[in-house]
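Dear colleague,

I am passing on the structure that we spoke about, and I would be glad if you kept it open while you read the notes below.

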Amino acid sequence: MVRVRPGAGRTRVGGRYEGPHGPALIVAVGAPAVDGKATEAVRLALAAALGLKARDVVLKVGATSRDKVFGVAGDVGERFAALRDGSA
């Protein structure tokens, strides 16, 4: 699970958000939450932070929500947890 913070001053991947569906990784992006711009910026930032190609990160759930679920190619569980829990 990813928690999006659109309209941020800079792009940043890291931090933990205790949401209603469990802990989520915070991804802040400068793009506005308009016409999917923030979602695309989050997808690209998440791919970079996980060391993946952009095509390997696909939105699964949450196109219009701040809480999103992305599918990723490969085993990135440890890296994702490190970013979320601050041990990166």
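**Strand pairing and what surrounds it**

Strand 4 and strand 5 run antiparallel and are joined by 4 bridges, where two strands are said to pair if DSSP finds at least two bridges between them, and where strands (E, at least two residues) and helices (H or I, at least four residues) are DSSP runs numbered from the N terminus. Before going further, please keep in mind that this is a predicted model, in which local features need pLDDT of at least 70 and side-chain atom pairs count only at pLDDT 80 or more, while totals for chains, interfaces and linings use all residues. Residues are numbered from 1 along each chain as its sequence is written, and side-chain values use heavy atoms, with hydrogens and water left out.

Within the pairing of these two strands, Val61 has Val69 in strand 5 as its bridge partner, and Val57 has Val72 in strand 5 as its bridge partner. The two strands form a hairpin with 5 residues between them, and in the turn Gly62 has a positive phi of about 105°. Strand 5 is also joined to strand 1, by 2 bridges, and this pair too runs antiparallel; here the bridge partner of Val2 is Lys68 in strand 5.

**Salt bridges**

As a general point, side chains of opposite charge can pair when their charged atoms come close. A salt bridge is taken here as a side-chain nitrogen of Lys or Arg within 4 Å of a carboxyl oxygen of Asp or Glu, and by this rule the count comes to 5 salt bridges.

One of them is between the side chains of Asp67 and Arg3, with N and O 3.1 Å apart.

Arg16 takes part in a salt bridge with Glu18, where the closest N and O atoms are 2.4 Å apart. Arg16 is partly exposed, with a relative accessible area of 40%, whereas Glu18 is exposed, at 53%. The side chain of Arg16 also meets that of Asp85 in a salt bridge (2.3 Å, N to O). That pair links distant parts of the chain, since Arg16 is in strand 2 (residues 12–19) and Asp85 is in helix 2 (residues 77–85), 69 residues apart. Asp85 is partly exposed, with a relative accessible area of 39%, and salt bridges that share partners join Arg16, Glu18, Arg84 and Asp85 into one network.

**Surface patches**

Patches are made of residues with over 30% relative accessible area and no salt bridge, with like charges joined within 9 Å and nonpolar side chains (Val, Leu, Ile, Met, Phe, Trp, Tyr) joined within 5 Å. The areas come from the Shrake-Rupley method with a 1.4 Å probe, and for residues only the protein chains shown count as cover.

A nonpolar patch on the surface is formed by Met1, Val61 and Val69, which together have about 210 Å² of accessible area. Val69 lies in strand 5 and counts as partly exposed, at 31% relative accessibility.

Arg5, Arg10, Arg12 and Arg66 form a positive surface patch; Lys and Arg count as positive and Asp and Glu as negative, while His and the chain ends are not counted, and the place of a charge is taken as NZ of Lys, CZ of Arg, CG of Asp or CD of Glu. Arg66 is placed in the loop between strand 4 (57–61) and strand 5 (67–72), and is partly exposed, with a relative accessible area of 46%.

**Two further residues**

Arg55 lies in the loop between helix 1 (37–50) and strand 4, and counts as exposed at 63% relative accessibility. Ala38, by contrast, lies in helix 1 and is buried, with a relative accessible area of 7%.

Conventions:
Buried means under 20% relative accessible area, exposed over 50%, partly exposed in between (1.4 Å probe, protein chains only).
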